[in-house]
Amino acid sequence: MAKITFITSANETITLEGTEGSVMALAVENGVRGIDGDCGGVCSCATCHVHVAPDDMDKTGVASEIESDMLELDDNADEYSRLCCQLEISDALDGVVLTVAK
Amino acid sequence: MKKSELPDPFEKARSAKGYGEMNDQNDPVTMLLRHKDVRKSAHNWKTFTSAAIPGRIVVPSEVNIRDTRQIPFEVDPPVHGAYRAIVEPWFKRPLQPDYQKKLASQISAIIDETLEKGVVEVVNDFALPLQSRALTLLLNTPFHESKTWISWGTHVFRSEGEALDGDKANILYDYIDAQIDRAIKNPGEDMYSVLLSSEFEGRKLTKEEVKGVMVLTFAGGRDTVINAVTNAIAYLAEHPESLERLRNEPEITGKTVEEMIRYFSPLTHMGRVVTEDTHVCEHAVKVDSRISLCWASANRDASVFENPNEIVLDRKINPHVGFGFSHHNCLGASHARQLMKILLNTLAGKVASFEIQDYQENIEDLNEFQRKVGYNHINVKFNPLNK
């Protein structure tokens, strides 16, 4: 079980609990604004972009090469950017805070 | 070769030089073939503009058959973003359960009709009506409008086997003009009315702008959806194990749709006009010439996709560009994804197997390359699943 907090662009804070699947799917199921997950999680649409809180980067790790290639062309991206379809929920993610990019 | 296979004609040129050359009505096009170049150039709107004269970024060029600017398609940032923000919520409606329910009932009905008939010519008697009926949901117009659209045939800009056809395009333009006038007189909850009441930079959208969005909606989602649907059925006919897998593991359907869009790449490429002398793949391209972003080639780039010429139903990482890339990515993608997802699920639930009978391939002539995009016609027998 992991508690994951999303901060939307409207400054809403939503904390959700999940046990499996991707962080993107958890966000979409719970209607977190700004996370669309159009492609269903195969890393082709970049509609699940989040900024990980700097202190939580050791929990999430950095973006993979294909993910970085997607993010590289996003004007909003920085070193804390991840596509959350590529974040698998596990105990290791407990407590992470993600700011929705869109 | 399997009947359902779509060969990759770009492989050699993609690895050897990275580009191809095509003459199109004396307005040549340098086709970019590599995944990385396609994505970078799609993103670089300053050097590769979409805001050229209407019709020029389309290949084959439509400059001789239309003056209406398609919106937001033929506009660059930042104005593009303002238009896109207006239309985006409307085009995300397919994510709503109610929309999906209606789409599922349409698709279920057409599959039942087909099973009754047994053999069907998939392009004209399955994919075209399915696409047209589904479009009534996207436009929120009465179902019977689809009859008119079906009567236009598979292409809105060309006649069977011919290049661009101005008379045919006029049928669509006249129809849209009439619909806009109707919506002005009697506003409703359809897309025309919603656009007419939308605010853009502190004013209402003009009739010409509304027309630009509507032409894009009709043209962008016609042969593309028809090819995706037809190719999916041809593929399932030759891969019964895949149909079986979709039956047993419906949770992979979303990934399968993405993979089919990658493999089929229903839109081969899209052009841009060069705004300054520059280079692509060490090849000089001149100001005011054209390049194209070849989605179909990028989607088979072996440096990005393992086994690029195979359909891997549950491909997990799939950064395909079948819906384009960056600012101008496909506006109708949510609708198309839902349509394909529901189609695959419903076929898996109702059809035991398919048999391809006679068919004729639809081959696009890109000068240096010949690309199969689908079929002109294909007769397929649908065998019902006995539960």
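At roughly what angle do the axes of helix 11 and helix 14 of chain B cross, and within what distance do they come? In this predicted model, for which local features need pLDDT of at least 70 and side-chain atom pairs count only at pLDDT 80 or more, while totals for chains, interfaces and linings use all residues, side-chain values use heavy atoms, with hydrogens and water left out. Residues are numbered from 1 along each chain as its sequence is written, and chains are lettered from A and ligands numbered from 1 in the order in which they are written.

The axes of helix 11 (residues 240-248) and helix 14 (residues 333-350) of chain B come within 9 Å and cross at roughly 100 degrees, where axes are lines fitted to C-alpha atoms, for helices over the stretch in contact, and angles run from 0 to 180 degrees between N-to-C directions. Helices are DSSP runs of H or I with at least four residues, and strands are runs of E with at least two, numbered from the N terminus. Helix 11 and helix 14 of chain B are therefore roughly perpendicular to each other (under 35 degrees counts as roughly parallel, over 145 as roughly antiparallel, 65 to 115 as roughly perpendicular and the rest as oblique). Leu243(B), Leu246(B) and Arg247(B) of helix 11 make the contact with Leu344(B), Leu347(B) and Ala348(B) of helix 14, contact meaning heavy atoms within 4.5 Å.

A second pair in chain B, helix 7 (residues 166-185) and helix 9 (residues 207-220), has axes that come within 10 Å and cross at roughly 125 degrees, and the two helices are therefore oblique to each other. Among the residues that meet are Leu172(B), Ile176(B) and Ile180(B) in helix 7 and Val210(B), Met214(B) and Phe218(B) in helix 9.

Between the chains, the contact takes 17 residues from chain B and 15 residues from chain A. Chain B and chain A bury about 1,400 Å² between them, 54% of it on carbon and sulfur atoms, buried area being the accessible area (1.4 Å probe) that two parts lose on being put together, summed over both. Three salt bridges are counted between chain B and chain A, a salt bridge being a side-chain nitrogen of Lys or Arg within 4 Å of a carboxyl oxygen of Asp or Glu. The side chains of Asp38(A) and Lys92(B) meet in a salt bridge with an N to O distance of 2.8 Å.

Over all chains, the whole structure holds 31 salt bridges. Within chain A, Asp36(A) forms a salt bridge with Lys102(A), with the closest N and O atoms 3.5 Å apart. This pair links distant parts of the chain, 66 residues apart, with Asp36(A) in the loop between helix 1 (23-29) and strand 3 (49-52) and Lys102(A) in the segment after strand 5 (97-100).
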